[in-house]
Amino acid sequence: MKALQLGLLGIGTVGSGTFAVLQRNQAEIVRRAGRGIVIKTVADLDTACARAVVGDAAQVVADARAVIADPEIDVVVELIGGYGIARALVLEAIAAGKHVVTANKALLAVHGSEIFAAARAKGVIVAFEAAVAGGIPIIKALREGLTANQVQWVAGIINGTTNFILSEMRDKGLDFDVVLKEAQRLGYAEADPTFDIEGVDAAHKATLMSAIAFGVPVQFDKAHVEGITRLAAADIRYAEQLGYRIKLLGIARRQAEGIELRVHPTLVPTKRLIANVEGAMNAVMVQGDAVGTTLYYGKGAGSEPTASAVIADLVDIARLSGAGEGARVPALGFQPEALAQADALPILPIEQVLTSFYLRLRVADEAGVLARLTGILAERGISLDAVLQRPGDEVAAGQPAATDLIMLTHITREGAMRAALAEMQALPSVLAPIVSLRKEDLA
Ligand SMILES: NC(=O)c1ccc[n+]([C@@H]2O[C@H](COP(=O)([O-])OP(=O)(O)OC[C@H]3O[C@@H](n4cnc5c(N)ncnc54)[C@H](O)[C@@H]3O)[C@@H](O)[C@H]2O)c1
Ligand SMILES: N[C@@H](CCO)C(=O)O
Ligand code: NA
C-alpha cells in the first residue's frame with residue numbers, strides 16, 4: 001500500500017523528535033501499520049535549522065500553507081503551538097481534506113469544539129495523543145481501553161515542568177527560578193512558561209481529559225486554575241510532617257449535578273504511588289466503576305517521548321484513514337451526537353467542589369483561639385481530621401507570642417470553607433493571611 005505522506009508544520013523539540021523516531025523505526029512501523037509513514041515536506045520559519053535536522057530526507061519550506069496546498073500530502077502534523085497561526089493552519093488543513101495530528105493542547109482545549117466539528121463535516125481525523133501527558137497513551141486508554149466504564153474521576157500530574165520544580169525544590173532545596181531555567185533548557189517548558197507555573201497548561205490537558213472521560217464538550221473557560229507560584233516552602237514541610245506531598249494535580253470528577261474541573265496544588269498521601277512521581281515525569285489516575293483505580297506513568301514531555309505519541313496517532317491514521325466514519329474512534333471517544341449538552345452535565349463552579357483542606361493559620365498564642373476557630377468550622381458543618389501546633393518565628397519584645405496552627409479537615413463543599421475562612425480571617429487573633437490548600441486522598 002502507498003506510504004502515508006506527511007507535512008510537518010514546525011520542527012522544534014517535538015518535530016525533530018518525530019523526524020528522528022520515524023527515520024530510526026521506519027521498518028518496525030511498516031510492520032505494524034502495513035505501510036510506510038514518510039515526511040514529504042517540513043515547514044518551519046527557521047529553514048536553516050529545519051534543514052540541519054532533516055538533511056535531504058525531506059523538502060524544507062518556510063510557508064506552512066504550501067504544505068496544506070500540496071495534494072500529495074495526506075496528513076498535516078501541527079507542531080508549532082499556540083492558539084494563533086496554529087488554529088488557522090489546522091482549520092485550513094481540515095478544509096483541504098487533510099487528516100491532522102497535533103500536540104497542541106492549548107489549541108484543542110480552547111477551540112476543540114470548532115476543530116472537531118470541522119473535521120467531522122469534512123470526514124477527516126484529528127488526533128492528539130501527544131497533547132495530554134506526552135508519551136503516556138492516556139487518550140488511548142480513556143477513549144478505548146476504559147470504554148466500558150462510567151468514569152468517576154481522573155487526577156493527574158500532567159505538567160512536567162511544575163513537577164520538576166516541586167521535586168527539585170523539595171529534594172535539593174533549590175530556588176524556584178533556578179529550577180525553572182533548567183526545565184526550559186531541557187525542553188519541557190512551554191514557549192510561555194507562565195502557562196506551566198500558573199497551571200494553565202495542566203488545565204488545558206485536564207479539560208481534554210474531562211471531555212473524553214465524561215462525554216462533555218471541551219470547556220477550558222470553565223476550569224478552575226491555580227499554579228504553584230504562591231506555594232510556600234513551609235507548607236511543603238508541614239505537609240511532609242503530616243504524611244502528604246504537594247503535587248500540582250489536574251482533576252476532573254463526576255458529581256451528580258455536574259463535573260468538577262480544576263487544577264491546583266494538592267496534598268496527596270505520601271503512601272500513594274502518584275505522590276512519589278518525581279522530576280518531569282507525569283502520571284494519571286483514572287477511576288472507573290468497573291475497573292477500579294488505574295494508573296498511567298511515564299514521560300509527559302520531551303522530544304522523543306512526545307514524538308512517540310505523535311507517531312502512534314500516525315499509525316492509527318495509516319490503518320484507518322480508508323475506513324468509514326463508523327469504523328473510526330470518535331475524537332472524544334463518545335459519538336458526536338451523544339456528547340452531553342453543556343447544561344446537561346455542567347462544569348461546576350469551584351464553590352460546589354467537594355474536597356478536604358489543609359489550613360495554616362498564624363494565630364496569637366492565647367487561650368480560647370483554637371475553640372473559636374473550630375467553632376466557626378463546626379457552624380459550617382466542617383469537621384476536623386487533625387490539628388498540629390508549631391511554634392512560630394521569634395516575636396519582637398512587647399508583641400503577643402504567635403504560633404502556627406495546621407489543620408486538616410474532612411471533605412466539605414468549597415463554598416462552606418470559603419465562608420468559614422472569611423470569618424476566621426476577620427478574628428483579631430488571626431495574625432496573617434490564612435493559607436488553604438486542597439487535599440485529595442485518591443483512594
Ligand atoms: N516540548 C514538549 O515536550 C511538548 C510536549 C507535548 C506537547 N508539546 C506541544 O507541541 C507543540 C510544539 O512544541 P515544541 O516544544 O516542539 O515547540 P518549539 O518551539 O520547540 O518548536 C516550534 C517550531 O515551530 C516553528 N514555527 C513557529 N511559527 C511557525 C510558522 N508560522 N510556520 C512554521 N513553523 C513555525 C518554530 O520555528 C519552531 O521550530 C506545542 O503545541 C507544545 O505545547 C510540546
Ligand atoms: N510544558 C509541558 C510540556 C508537555 O506538554 C510540561 O511541562 O509538561
Ligand atoms: Na499522551
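Ala, Val, Leu, Ile, Met, Phe, Trp, Tyr, Cys and Pro are counted here as nonpolar, Asp, Glu, Lys and Arg as charged, and the others, Gly among them, as polar. By these classes, the shell around ligand 2 holds three nonpolar, five polar and three charged residues. This is a predicted model, in which local features need pLDDT of at least 70 and side-chain atom pairs count only at pLDDT 80 or more, while totals for chains, interfaces and linings use all residues. Residues are numbered from 1 along each chain as its sequence is written, and chains are lettered from A and ligands numbered from 1 in the order in which they are written.

**Ligand 2**
- The residues surrounding ligand 2 (C-beta atom, placed from the backbone, within 6 Å of it) are Gly134, Asn159, Gly160, Thr161, Tyr188, Ala189, Glu190, Asp196, Asp201, Gly300 and Ala301.

**Domains**
- The chain is divided into domain 1 (4-136 + 304-338), domain 2 (138-299) and domain 3 (353-439), with bounds from an automatic or database domain assignment.
- The centres of domain 1 and domain 2, taken over C-alpha atoms, are 26 Å apart.
- Their contact (C-beta atoms, placed from the backbone, within 7 Å) involves 24 residues from domain 1 and 29 residues from domain 2.
- On the domain 1 side, helix α6 (residues 105-122) contributes the most, with seven residues; helices are DSSP runs of H or I with at least four residues, numbered from the N terminus.
- That side of domain 1 comprises 14 nonpolar, eight polar and two charged residues.

**Helix α11**
- Helix α11 (residues 200-214) has 15 residues and reaches 21 Å from its first C-alpha to its last, close to the 21 Å expected at 1.5 Å a residue, the expected span being 1.5 Å times one less than the number of residues.
- Because 15 of the 15 residues of α11 are buried, the helix is largely enclosed by the rest of the structure; buried denotes 20 or more other C-beta atoms, placed from the backbone, within 10 Å of a residue's own.

How values were computed
Two residues are in contact if their C-beta atoms, placed from the backbone, lie within 7 Å. Helices (H or I, at least four residues) and strands (E, at least two) are DSSP runs, numbered from the N terminus. A residue is buried if 20 or more other C-beta atoms lie within 10 Å of its own, exposed if 12 or fewer, and partly exposed in between; C-beta atoms are placed from the backbone.
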